[in-house]
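Please look through the structure shown here. The text after it takes up a few of its features in turn.

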Amino acid sequence: MDPITQQGIAGAAGAAGDPVYVDDIFSIDLFRNNNNSAQINNDIDLAGEGGLVLMKYRDANSEWAWVDSERGVSQSLDSQGTNPQYTKAFVNSFDSDGFTHGSYVGTSNSSSIVSYTLRKQKGFFDVVTFTGTGSVQNISHSLGSVPGMIIVKKTSGTGAWNVYHRSLGANGVMYLHDTYANSVDNGVWNNTAPTSSVFTVGANVGVNANGSTYVAYVFAHDDQQFGENGNEAAIYCGIFNGGGSYQNNIISVNCGFEPQWIMWKRKDSTSYWYVMDVTRKMANDGFNSAAIYFNLNSSEGNPNRFWPYENGFQFDEDLGGASSDYIFVAIARPNKPPETGTEVFDVGSRSGSGSDANTNSSIYTDMTFVLRTDSSTEYNGIASRLGGQYSLATNNTGTSIGGWLDSTEPWATMTGAIINGGNGAGNTGNLIDYSFKRAPGYFDVVTFKGNGSLRNISHNLRAVPQMIWIKNRNASYNWHVYNSVSGASNLMYLDTAHTDMTTSVWNNTAPTSTQFTVNSASEVNQTNYKFIAYLFGSVPGVSKIGGYTGTGGNINIDCGFTSGARFVLIKRRDTGASGGAWHVFSTVGGIYVSHEYHMYLNGTDATVLADNIDPYSAGFTVTSTASAPINLSGGTYLYMAIA
């Protein structure tokens with residue numbers, strides 16, 4: 001399999017003063033070993049800015065590779081031991097849009113690899129090399145803020161991986177290569193806290209032997225200079241209690257943002273250095289997360305249930321030290337607004353063979369739904385990376401089911417999801433795959449646990465949602481849909497053709513750019529039941545949600561696009577409407593002047609050929625020949641379009 005590159009994640013920051021996003025400085029990439037050099041395009045400028053690449057086999061015992069721009073691509077370190085740096089072709093070059101990995105030996109070609117790319121950037125991360133003097137010395141760094149964590153490793157000889165963390169204090173030290181608890185050693189950091197320009201090393205030979213060479217990896221803490229308005233943090237170094245304060249049987253750790261990557265280690269006792277990320281598996285589905293360990297060469301394990309939420313991460317089980325403290329480092333999820341629809345949406349067709357297969361997608365996929373074009377017997381499957389191993393059907397009220405997605409690693413790739421070929425809509429017949437990537441203003445996914453009381457649910461859309469789909473994952477209730485056209489006193493069901501109905505489930509409260517409201521109804525907030533919500537918004541030139549009134553004649557729907565819509569969803573919403581199905585159109589089915597194929601989110605019918613919409617450069621045209629569910633004179637309609 002060719003390496004899978006991360007699509008749609010924008011490149012390095014431009015001229016001075018331009019916003020810097022997490023997307024510009026950090027990336028998680030999954031690819032497979034092919035014993036040949038191949039480029040990983042994650043749009044991070046390592047050639048110009050410098051940084052660090054970490055790599056590890058996921059499914060086989062292997063050394064870690066720590067390769068940085070200061071020591072050069074030919075030199076690697078392995079965090080599972082104390083060995084000096086050595087020469088090996090893990091990375092062939094640091095590029096302006098990622099890196100080129102080298103050839104590997106001793107491991108199967110099919111082995112899966114995870115890499116983490118950290119670019120040097122003020123307020124986020126720095127790499128420093130220095131030579132020991134045997135006496136206390138200050139080492140300059142370029143973070144521009146006080147470090148939250150520092151890792152120092154001797155490169156010219158055997159030596160420990162010394163870790164400073166702000167939660168341990170200036171006389172505390174832990175060792176990345178081992179499981180040791182925090183210990184007190186004034187000789188490592190000279191009992192001197194780092195500053196925004198230097199950190200101090202004492203006379204300890206592990207960090208400052210005379211004539212020895214060292215590398216230091218310096219991580220910032222909560223420096224809020226990133227994002228669209230330059231007021232967001234990209235990284236947070238904190239501490240949490242393993243027993244903590246349970247609310248609704250969940251412990252929440254707040255770091256001010258939703259993380260995509262977490263490293264954690266028990267402070268007061270032996271334990272591994274756990275590394276978890278959303279791309280491999282950190283989901284709210286009741287299954288353990290996929291962890292790898294900085295101090296081990298072992299393959300990926302599944303030790304604990306962790307998942308991100310809008311302001312941090314959560315877990316719901318004892319970590320082995322219920323009253324113990326754990327240090328952690330968290331890195332925020334991508335936060336760059338999309339500029340084009342192709343960055344955040346893809347649609348593709350495939351012919352299912354009945355074997356496990358990857359859905360057809362060329363973008364990083366956070367949510368996918370699959371419609372079968374030639375059957376009236378299969379359900380329509382929808383699943384998301386944060387939702388984990390379980391899928392739902394959009395055409396019925398069923399609970400989460402395990403058969404549609406691959407049962408072991410449904411999100412093992414970055415693009416698309418892996419489908420279980422033996423189950424229905426998954427991979428038989430002719431299929432269309434619709435893929436969505438989370439992005440500010442455009443699309444978000446929220447998982448939450450019901451509490452049976454009126455409440456506000458936080459989200460990270462960073463804009464006011466114009467449409468929300470909510471499903472109780474543990475009970476057979478309808479999909480509840482909010483849309484801004486109908487307003488907060490109405491709802492529709494995604495799984496039926498029902499039109500606008502009066503409701504109190506939103507408490508007559510419109511959502512805001514940070515939260516939406518649900519009342520105590522079991523359909524949207526049943527106590528101790530799991531829920532998933534999909535939030536959609538309008539982004540200029542990317543997506544548009546709105547309404548129109550039918551005329552019976554041609555209606556040009558101006559979405560502000562320049563090359564027309566690739567995806568259109570239309571639902572009739574006025575009462576008494578006949579056949580008010582959720583109509584799905586896409587360029588895969590063809591949007592032509594005289595005809596197009598459409599399907600239904602709420603039904604399993606095969607594709608239908610008709611002339612309901614026509615191409616229009618600014619959006620789409622509702623035709624005069626369209627049926628009543630699309631264009632009845634006086635009828636009212638909801639639509640969502642993606643460029």
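The model is predicted. In general, the strands of a sheet pair through backbone hydrogen bonds, in either a parallel or an antiparallel sense. I470 stands opposite A533 of β40.

Aromatic rings come next. A pair of such rings is described by how far apart the centres are and by the angle of the planes. The structure has 51 aromatic pairs. In one of them, the ring centres of F306 and F313 are 5.7 Å apart and the planes meet at 25°; planes under 30 degrees apart count as stacked, so this pair is stacked. Both F306 and F313 are buried. Ring pairs also link these two into a cluster whose members include Y236, W264, Y293 and F328.

The charged end of K265 sits over the ring of W273, at 6.0 Å from the ring's centre. For R385, the charged end sits over the ring of Y364, 4.7 Å from its centre.

Which residues lie nearest the centre of the second largest pocket? They are E232, G256, F257, N460 and R462, out of 16 lining residues. The lining is made up of four nonpolar, six polar and six charged residues. The space in this pocket is about 290 Å³.

Key. Residues numbered from 1 in each chain as written. Predicted model: local features only at pLDDT ≥ 70, side-chain atom pairs only at ≥ 80, totals over all residues. Heavy atoms only, no water. 1 Å grid on protein atoms, 1.4 Å probe; cavity = no way out; pocket = protein on both sides within 12 Å on 5 of 7 lines; lining within 4 Å. Points joined across faces, edges and corners; volume = space filled by probe spheres on them. Nonpolar A, V, L, I, M, F, W, Y, C, P; charged D, E, K, R; others polar. Phe/Tyr/Trp six-rings, centres within 6.5 Å; stacked < 30°, edge-to-face > 60°. Buried < 20%, exposed > 50% of the residue type's maximum accessible area, 1.4 Å probe, protein only. Lys NZ or Arg CZ within 6 Å of the ring centre and 35° of its normal. Pairing = 2+ DSSP bridges. Helix = DSSP H or I, 4+ residues; strand = E, 2+ residues; numbered from the N terminus.
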